[in-house]
Amino acid sequence: MKNRFLELSFYNPFIQFLLLVATLFFLIYITKKLTRSYIVKNAIEPHRRKLILNLSYFLYYTLALFISLIIFGINFKEVIVFASSILAVLGVGFFAQWSILSNLTASIILFFYHPMRIGDTIKIIDKDFDLQGVVKNITGFYVLLYMPEEKREITVPNTIILYKGIELIKKQNNS
């Protein structure tokens, strides 16, 4: 009796899984190289490189998981029921915390389309509060501003940055 995992055939699920893992490592290597060259060419901050890589890894691992399920013959009806119940719970959670979802969406828009960078001095134009400071960090939920006059740091939600007018007072020199 032959051992099924020792057969050297492309139709062997173990060999297919090893090929999938090798392809996954190759894609991660290529993504790192391409991202590094893009970052250098376009002078993008290192924390944005990390975000791009993390999103790419999430996509690759999710795709690899589904391909692994296909390779090993897992019943997709059971997986779909499990995934839909997880998504339903997440949907209820996000609806209950609408501000979290809007902050994440605002961070994606700020990441790709806003001229504000770390090190820039900005002023948030609003009649209720007057905030001016140096951008210290941009995260998925907030922007960290350092206010030198008051010698304190404050966090401003990304939705405020996106929906209010922002005046760039001084851009950081990248030379």
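The model is predicted, so local features need pLDDT of at least 70 and side-chain atom pairs count only at pLDDT 80 or more, while totals for chains, interfaces and linings use all residues. Residues are numbered from 1 along each chain as its sequence is written, and side-chain values use heavy atoms, leaving out hydrogens and water.

**Helix α1**

- F26 sits in helix α1, residues 13-42 (helices are DSSP runs of H or I, at least four residues, numbered from the N terminus).
- F26 counts as exposed because its relative accessible area is 52%, and exposed means over 50%, buried under 20%, and partly exposed in between (1.4 Å probe, protein chains only).
- L20 also belongs to helix α1, but L20 is buried, at 14% relative accessibility.
- Between the C-alpha atoms of L20 and S68 there are 7.9 Å, although the two residues are 48 apart along the chain.

**The largest pocket**

- The largest pocket holds about 410 Å³ of space (a pocket is an open set of points on a 1 Å grid over the protein atoms alone, where a 1.4 Å probe fits, with protein on both sides within 12 Å along at least five of seven lines; lining residues have an atom within 4 Å of a point).
- Its lining has 16 residues, and L51, S107, I108, T139 and G140 are the ones nearest the centre.
- Two or more lining residues come from each of α2 (46-71) and α4 (98-113), with α4 giving the most, seven residues.

Technical notes: Grid points are joined across faces, edges and corners, and a volume is the space filled by probe spheres set on the points.
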